[in-house]
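Here is a structure to look over.

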Amino acid sequence: HLSTDVVFDGDRAGRYTEDDEPSPVSAYGTAKAESERRVLAIAPHALVVRTSLLYGGPVPGSHEETALEAAQGEREAVFFTDEIRCPTLLPDLADVLLDLVRTDASGVLHVAGPDAVSRYEFARLVVRAAGLPTDRLRPARSVDSGLVRPLNCALDSSRAAALVTTPPRGVREVLEGMVQ
């Protein structure tokens, strides 16, 4: 079962581990936390994989698309400097999931990229990798927006990394290697 990092409230310093209790602050996070609970209640030996901010699929994800459109002046958007995530390359997640199928892993595992970056830094990395200037990307703080969103959703993925042959790569390694 795939889940998300936003099952946490984002109020901590450091990374969340699988032992941390979900405490969502959004409807989406609440629904995902409830789905985790139900899956494990029905199938105690199931594997619930929490991941974070997927990118690099055959079609750009919404955050990637927004960043690229903003960089080209096609869209007005702000990117939060105080929301921290661990972006996960979609093909890397697929490889890890295939590795995990071959194990007897069960319960909750975190599978996310090792780099904890702000949404603003992620947008800058995406735009630079596309060979576009970053000067049109507007930074902002989530806490100033009036929105209730988790700030730090950084995941500790060390348990999963110990079970697989190739853990996800960091977003800096992936996107800085693509700079045109």
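Predicted model: local features only at pLDDT ≥ 70, side-chain atom pairs only at ≥ 80, totals over all residues.

Q: Why is Glu18 called buried?
A: Its relative accessibility is 10%. Buried means under 20%. Therefore Glu18 counts as buried.

Q: Where in the chain does Glu18 lie?
A: Glu18 is in the loop between strand E1 (2-4) and helix H1 (27-42).

Q: What makes the pair of Glu18 and His110 a polar contact?
A: A polar atom of the Glu18 side chain lies 3.0 Å from the backbone nitrogen of His110. The cut-off for such N or O pairs is within 3.5 Å, with one atom able to donate a hydrogen and the other to accept it. A backbone nitrogen at 3.0 Å is therefore within that distance.

Q: Which residues is Glu18 in contact with, leaving aside its neighbours within four places in sequence?
A: They are Arg50, Val108, Leu109, His110, Asp156 and Arg159.

Q: What is the volume of the largest pocket, and which residues are closest to its centre?
A: The volume is about 630 Å³. Of 32 lining residues, Val6, Leu53, Ser62, Arg85 and Arg119 are closest to the centre.

Q: Which element supplies the largest share of that lining?
A: H2 does, with four residues.

Q: How does the lining of the largest pocket divide by class?
A: It has 14 nonpolar, eleven polar and seven charged residues.

Q: What lines the second largest pocket?
A: The lining has 13 residues, with Gly56, Glu64, Val126, Leu175 and Met178 nearest the centre. By class, ten are nonpolar, two polar and one charged.

Note on methods
Residues numbered from 1 in each chain as written. Heavy atoms only, no water. Helix = DSSP H or I, 4+ residues; strand = E, 2+ residues; numbered from the N terminus. Buried < 20%, exposed > 50% of the residue type's maximum accessible area, 1.4 Å probe, protein only. Contact = heavy atoms within 4.5 Å. 1 Å grid on protein atoms, 1.4 Å probe; cavity = no way out; pocket = protein on both sides within 12 Å on 5 of 7 lines; lining within 4 Å. Points joined across faces, edges and corners; volume = space filled by probe spheres on them. Nonpolar A, V, L, I, M, F, W, Y, C, P; charged D, E, K, R; others polar.
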